[in-house]
Amino acid sequence: MEDRGLRKKTVSGVVWNFLELSGRQGVSILVTVAPARFLAPEDFGLIAMVSVFFSLANAIMDGGLNQGVIRRKDAGRDDLDTLFYANGALSLLAYILLFLSAPSIAAYFGQPVLSRLVRISGTVVIINSFRIVQATDLTRRLDFKLQFKASVPAGILSGAAAVLLAAAGAGVWSLVAQMILSSLFTVLFYWRLNSWRPSLSFSWGIFRELFGFGWKFLLSWLLEIFFRNIYILVIGRLFSSTLAGYYFFAMKIRDMILSQVTASIQKATYPALASISGEDGRLKDAYRKIVQATVYLVFPAMVLLAALARPLFGLFLNPRWIPAAGYLQILCAVAIVYPLNVINLNILKVKGRSGLFLGLEIFKKGLAVLVLVLSVRYGIPGLLLGQVLTSFLSYIPNSFFSVRLIQYPVSEQVRDVLPALAAALLSGGTVLAAGFLLPWGSRGVLFILFQGAIGCVSYLAFATILGVESQQIFFFLLRERLFRKEHG
């Protein structure tokens, strides 16, 4: 009975978190693509350079403390109050660091305008500190429905402002305005919809406990953010802001879909999995289902996006953006292993092995630097292919501890994901072959819809033939839900 209640609450959380991310990412796609029709790749390159340091500052503001609160089974008001004031103090520290380092950032990239961009966009870090505790409270309670109601309207309002400013000729500042307004509206909606309010309570004991658990995750995230964006640092420094813009734009398009699926599952399942962290049998069974459900959605999404990248860019964007389509196709290959890496690392978080998590991140980043140094001499293609290699190599150490902690070896993981990967690749090949049925001159919206429909139908067919377990589970849940509706 306990398992059924946990599963029902977790599935509900996944669904609402998926809807929240889908709505937010759907708005984000429009906000990214629509301004791109008015902006130059160099504008996105400048924002890419700012985003590296903005993301680092956001991680400092978070401090890894919210992970400790989510993981605590008995978290109460004192924990949330402590988290609120700690995030506020850390956000001020992060912004001061951003403000002081702005001239150095501008000098590194040789772009004087970056100094003002960093200092103005950096105010988002302070605004976000008012959101963290509200989101943590709702995530801990698996209440993603309310998060959906807060984030989607905020995305629509800020996105509309960005498009209007871009059309009016505001250039890169339209993207800065979108960042600030999105954070501000999200905070306002969270505080309007959620009843939690801080009291004048702060516990040094709770802070030390949360920071003792979270600081290793903080260092891991700082490493992850730095190395995730190291290609922007290298491209912006050694090549040009235009090429950095191509890379950043392609990465944003990919991550809008990738994070929508992966983050919705990971964010919703982490609190539930933390509640059974001491039961290895149940934990392994839960992780197997999460792996299968995640790759069932991620694999076809990435393969279809890669197959349709060039016609999509040609249809919705100016010709100057076409080179970014090639970047996107290679980044989709990187994303194939991403969900497996994330899920294996999540096992360490659920088990509370923050020291192991940090050590593993340091080892992998050393590996990433080695590949980067060897690949940079071959230009942008070498850097992108090196990223693919790094992603696959990182899976080896990431999966090692799954064997030790929950007895989920690589051989079982491969067996669980291989049918979905095969079905996705076969459907991708079908999409490309189907594209030749239409003459080049007719490629437009109907062409995209035709190939998209072929991709979805062929994937479902191949997944059925290959016996993909997640598809069977999804169809069973769908039939069960429809049956309940019909019989009241």
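**Ground rules**

The model is predicted, so local features need pLDDT of at least 70 and side-chain atom pairs count only at pLDDT 80 or more, while totals for chains, interfaces and linings use all residues. Residues are numbered from 1 along each chain as its sequence is written, and side-chain values use heavy atoms, with hydrogens and water left out.

**The whole chain**

The chain has 19 helices and 0 strands. Helices (H or I, at least four residues) and strands (E, at least two) are DSSP runs, numbered from the N terminus. Of the 488 residues, 53% are buried. Buried means under 20% relative accessible area, exposed means over 50%, and partly exposed lies in between (1.4 Å probe, protein chains only).

How far apart in sequence are the residues that touch? Take the contacts between residues at least 6 apart in sequence: 83% of them join residues at least 24 apart. Contact here means heavy atoms within 4.5 Å.

**The cores**

The largest nonpolar core holds 111 residues. A nonpolar core is a set of buried Ala, Val, Leu, Ile, Met, Phe, Trp, Tyr and Cys residues joined through side-chain atoms within 4.5 Å. Helix α12 (residues 280–316) gives the largest share of this core, 14 residues. Y247 and F249 have the most contacts inside the core. Leaving out residues up to four places away in sequence, Y247 touches R228, Y231, I232, I235, Y327, L331, L384 and Q387. Another core, of 7 residues, lies apart from the largest one. Among its members are L345, L348, F357 and L360.

**A helix pair**

Two packed helices are described by the angle between their axes and the distance between the axes. Take helix α4 (residues 77–109) and helix α9 (residues 204–228): their axes come within 9 Å and cross at roughly 75°. Axes are lines fitted to C-alpha atoms, for helices over the stretch in contact, and angles run from 0 to 180 degrees between N-to-C directions. The two helices, α4 and α9, are therefore roughly perpendicular to each other. The cut-offs are these: under 35 degrees is roughly parallel, over 145 roughly antiparallel, 65 to 115 roughly perpendicular, and the rest oblique.

Which residues make the contact? From α4 come D78, D79, T82 and A86; from α9 come I206, F207 and L210. They divide into 4 nonpolar, 1 polar and 2 charged. Ala, Val, Leu, Ile, Met, Phe, Trp, Tyr, Cys and Pro count as nonpolar; Asp, Glu, Lys and Arg count as charged; the others, Gly among them, count as polar.

Helix α9 also holds E209. At 48% relative accessibility, E209 is partly exposed.

**Two buried polar residues**

Q292 lies in helix α12. Its relative accessible area is 6%, so Q292 is buried. The side chain of Q292 makes a polar contact with the side chain of D416, at 3.4 Å. A polar contact is a pair of N or O atoms within 3.5 Å; within protein, one must be able to donate a hydrogen and the other to accept it, and residues adjacent in sequence count only if both atoms are side-chain atoms. Not counting residues up to four places away in sequence, Q292 touches D416, E469 and S470.

S394 sits in helix α16 (residues 379–406). Is S394 buried or exposed? At 10% relative accessibility, S394 counts as buried. A polar atom of its side chain lies 2.8 Å from the backbone oxygen of T390. Beyond its neighbours within four places in sequence, S394 is in contact with N341 and K364.

The table lists C-alpha to C-alpha distances for three pairs.

| Pair | Apart in sequence | C-alpha distance |
|---|---|---|
| I60 and L92 | 32 residues | 9.9 Å |
| L421 and A463 | 42 residues | 9.3 Å |
| E209 and L65 | 144 residues | 9.2 Å |

I60 is found in helix α2 (residues 41–62). I60 is partly exposed, at 22% relative accessibility. L421 lies in helix α17 (residues 410–435) and is partly exposed, with a relative accessible area of 23%.
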